[in-house]
Amino acid sequence: MTHDEFWQAVLGEVELSLSKASFTTWFKNTSVNEIGESELVLNVPNIFAKEWLEKKYRKIILSSARKFHPKIDRITCIISNGQDAGKSIDSLVKTNQSAKEPLEKQSSRKAAPKKTYTSNTFNGFSVNSNLNSKYGFEAFVVGSNNELAYAACQSVAENPGKNYNPLFIYGGVGLGKTHLLQSVGNQVLKNLPDKKVKYISMERFANELVNAIQTSKAKDFKNEYIQLDVLIIDDVQFLSNKEKTQEEFFHVFESLYQLEKQIIISSDRPPKSIPTLEDRLRSRFEGGMMADINKPDLETRIAIIKKKLQEKNFHLEDAIVAYLAENIYHNVRELEGALNKIIVTYQLKNYSPSLDEIIEQTGDVISTNRQKDLDPVKIISSVADFFDVKKEELSGRCRKKQIIKPRQIAIYLMRRELGLSFPEIGKNLGGRDHSTAIYACEKIERELENNKILEDHLKFIKEKFVDY
Ligand code: ADP
Ligand code: MG
């Protein structure tokens, strides 16, 4: 077995346990450098891949590698293209440090003077970058929901056109896509002020294209784009059902891509879910690096609130921060909105509100945030959908392992999310005895103590509630 064959076989297994986005991101352009007595040495394209493969994916790689070389117990990655070689991850991810520092230390630091990069001129050619200086990596809080997208954006900002092209970031509304995209643009211009960078939403791109066509200036329009070094397109899902725009955009994309200019794209869904997207565009989008952003977990929501408070120089008691973070969880925009309302109300009065006052004030947002009409049927549908089993099977009598587990999870969620009594839960799941419900709940609770995968599954299932 050659090194190549070995690595392909290992990758084949690794791929099964990761999302497509993570797999493509971290394992693309990797290869075996050397297989020693107990060490596997890999070539990886950059420092981010090195960090992730050595730390986060070490176990997965080891377990597949050992099937072929049982003695391997160590993985070392070597950065092979030289760009980031020798740099520490800290120097690349330097801007995020503040998110992890204790708050006292953060607040004593002066806010950096703000600069706005609007347009830059090159040989008489002026680009309106459309960038807003309020968005920067330093203001972005990194959590497990967005670390992949964040790392990818940082990497692209450090070396535009080199590492991942195109970079495709996708995720639901208000989760920080625009913030990250804008941060890339601002960072590139900070490091390399000569670069021609442009940020534009797909909607505006489409409108401007239509105008240009109507005024017979389509060529000038396209020329402007193909001279860019970095093109950032926000909300590309807008291309759906727009044939002409797709065609023109494809040409812009191709020209830039051929010239190794960086293209960064965001969308509220992955390329395969954008209806009527031309195949050639879809395969281009999928051919680069894709990274998703999910909803932030509680810890990240708390960090975000603290960060925003610090930016606005406002203090809220920890109990209030926790209350907001626990109750507003669909997206960051809503969280920010509620916070801004609080700040506006109390800052002028120069008054620190109590938890009761906050509960009163945020009543509206919070009640709409709580899963408004969550009921047993929605829980059953979400669980069935997630595990790809039939709803009837969950209520039915089947004792197969692949049904029992989802059924126990549904029971657990009915107890936890709806606070139903055990007899009620039994009734909602095909007339089961309450003792079955008690047993299932206890079992899942015990398992949750040391089963991270189950915890993740529950997180995904809860996110599905809103779909029903
Ligand atoms: P999207 O483009 O995905 O709809 P935005 O980038 O507009 O979302 O984010 C909505 C708001 O939430 C913005 O004000 C942004 O600064 C803030 N935000 C989102 N995610 C984060 C984060 N991880 N850290 C700090 N602020 C965030
Ligand atoms: Mg946006």
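The shell around ligand 1 consists of eight nonpolar, six polar and four charged residues; here Ala, Val, Leu, Ile, Met, Phe, Trp, Tyr, Cys and Pro count as nonpolar, Asp, Glu, Lys and Arg as charged, and the others, Gly among them, as polar. Of these 18 residues, Gly174, Thr178, His179, Arg333 and Glu336 come nearest to ligand 1, where a residue is near a molecule if one of its heavy atoms lies within 4 Å of it.

The model is predicted: local features need pLDDT of at least 70, side-chain atom pairs count only at pLDDT 80 or more, and totals for chains, interfaces and linings use all residues. Residues are numbered from 1 along each chain as its sequence is written, chains are lettered from A and ligands numbered from 1 in the order in which they are written, and side-chain values use heavy atoms, with hydrogens and water left out.

| Residue | Protein atom | Ligand 1 atom | Distance |
|---|---|---|---|
| Asparagine 146 | polar side-chain atom | nitrogen | 3.4 Å |
| Leucine 175 | backbone N or O | oxygen | 3.2 Å |
| Glycine 176 | backbone N or O | oxygen | 3.0 Å |

The protein covers 94% of the 560 Å² of accessible area that ligand 1 has on its own (Shrake-Rupley method, 1.4 Å probe). Helix H9 (177-191), helix H14 (298-312) and helix H16 (332-347) are the elements that each give two or more residues to the shell; helices are DSSP runs (H or I) of at least four residues, and strands (E) of at least two, numbered from the N terminus.

Asparagine 163 lies in the loop between helix H8 (147-158) and strand E6 (167-171). With a relative accessible area of 14%, asparagine 163 is buried (under 20%, 1.4 Å probe, protein chains only).

Key:
Buried < 20%, exposed > 50% of the residue type's maximum accessible area, 1.4 Å probe, protein only. Polar contact = N/O pair within 3.5 Å; in protein donor to acceptor, adjacent residues only side chain to side chain.
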